[in-house]
Amino acid sequence: MDDEIYIGLDLGGTNIKVGVLNSSGKLLSKVSVPTQRGPEVVIANMISAARKAVDHAGVDLNAIAAVGIASPGSLDIDAGMVLHCANLPGWDNVPLRNRIAEALGAPAILENDARAAAYGEFFAGAGRRSHVRNLIMITLGTGVGGGIIIDGRLVHGQKNMAGELGHSIVVPDGLLCGCGQKGCLEMYASASRVGQRAVQALQDSQKPSTLRGVLKTSGELTARDVEEHARHGDELAWDIWNQTCRYLALACITAVHWLDPEMIVFGGGMAAAGDFLLQPVRHHFTANYWKLEPPELTIRISELGNDAGITGAAALACALLRPYADNKGIRNAGK
Ligand SMILES: [Zn+2]
């Protein structure tokens, strides 16, 4: 049992990441290869990358206890299928889980990528401390994704839609989201929208701003531009950044009242801002939180970064084998 290993596969639009973890939860090896196009090619790439990672880890392919696969797109979790995916053209009704399981000769699970990352952060990242049993992760990338762990378990909901935190409405009758709702968090706090909101603010006001030069040169603004110029004291950039943190804080307050987590973790590209993101979010959280009693919530930045997906996928694969264990990840596996 001590030699059991778990594989975590993270299928992204650009890269496939694979991690091999041992039964103590240690990452033994990591491989990243380009995703390329079309399900057949991509599945072949996933399998060869997994074999390469096993080889790099110096373990035997027969030692694989289970495989976890984190995938974007619309999934049928129970059937292990990718139904369709905007980032992966040609992926319609692909039985990804079974294809991988057959090729690697081990049981496998399929999970949404943001949920897998949340689980990874829960057991081996910011939430690994034993007192954390309830954690919410909010991923700030092109969109706003999320994952919810309650009582140590990843929450799926009736249609595996639990954790779509980016579509929490934070502004009544606000900006129209691609999902058809108005005022979704994603329309205000995703990395792409922060840049676009800054462009709009420049167009709507005559205020001097150092961002005007950047916009003139590159024709667009990124969340990183807004962050940098806010750090350097640009008032308009700071207003956008600070407002973004306020929306995030309001979403956190709602999440706390619904689910009472010990921890909320921010991940994704914008979380690289670190304290510059956390401090205003914490400020707005405290300022707006109810006064009945002080909050007992820790708000942090992801500790695993890009490894959260592979780690979480592997840990969920382990949980599949030990569904009734008190499973704080795979540290307890094999005992
Ligand atoms: Zn929406």
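**Group meeting: salt bridges, domains and cores**

By salt bridge I mean a side-chain nitrogen of Lys or Arg within 4 Å of a carboxyl oxygen of Asp or Glu. Before going on: this is a predicted model, where local features need pLDDT of at least 70 and side-chain atom pairs count only at pLDDT 80 or more, while totals for chains, interfaces and linings use all residues. Residues are numbered from 1 along each chain as its sequence is written, and side-chain values use heavy atoms, with hydrogens and water left out.

Back to glutamate 303. Its side chain also meets that of arginine 128 in a salt bridge, 2.5 Å from N to O. That pair links distant parts of the chain, 175 residues apart: arginine 128 is in the loop between H3 and strand S8 (135-140), and glutamate 303 is in the loop between strand S12 (298-301) and helix H10 (308-321). Helices (H or I, at least four residues) and strands (E, at least two) are DSSP runs, numbered from the N terminus. Put together, Arg128, Arg129, Arg300 and Glu303 are linked in a network of salt bridges.

Buried means under 20% relative accessible area, exposed over 50%, and partly exposed in between, using a 1.4 Å probe and protein chains only.

Now the domains. The domain assignment, automatic or from a database, gives domain 1 (5-121 + 306-332) and domain 2 (130-303). Contact here means heavy atoms within 4.5 Å, and it takes 14 residues from domain 1 and 19 residues from domain 2.

Arginine 115 is buried, at 3% relative accessible area, whereas glutamate 164 is partly exposed at 34%.

Last stop, the insides. The largest nonpolar core has 53 residues, and Trp241 is one of those with the most contacts inside it. Such a core is a set of buried Ala, Val, Leu, Ile, Met, Phe, Trp, Tyr and Cys residues joined through side-chain atoms within 4.5 Å. Helix H8 (residues 235-259) gives the most to this core, 13 residues.
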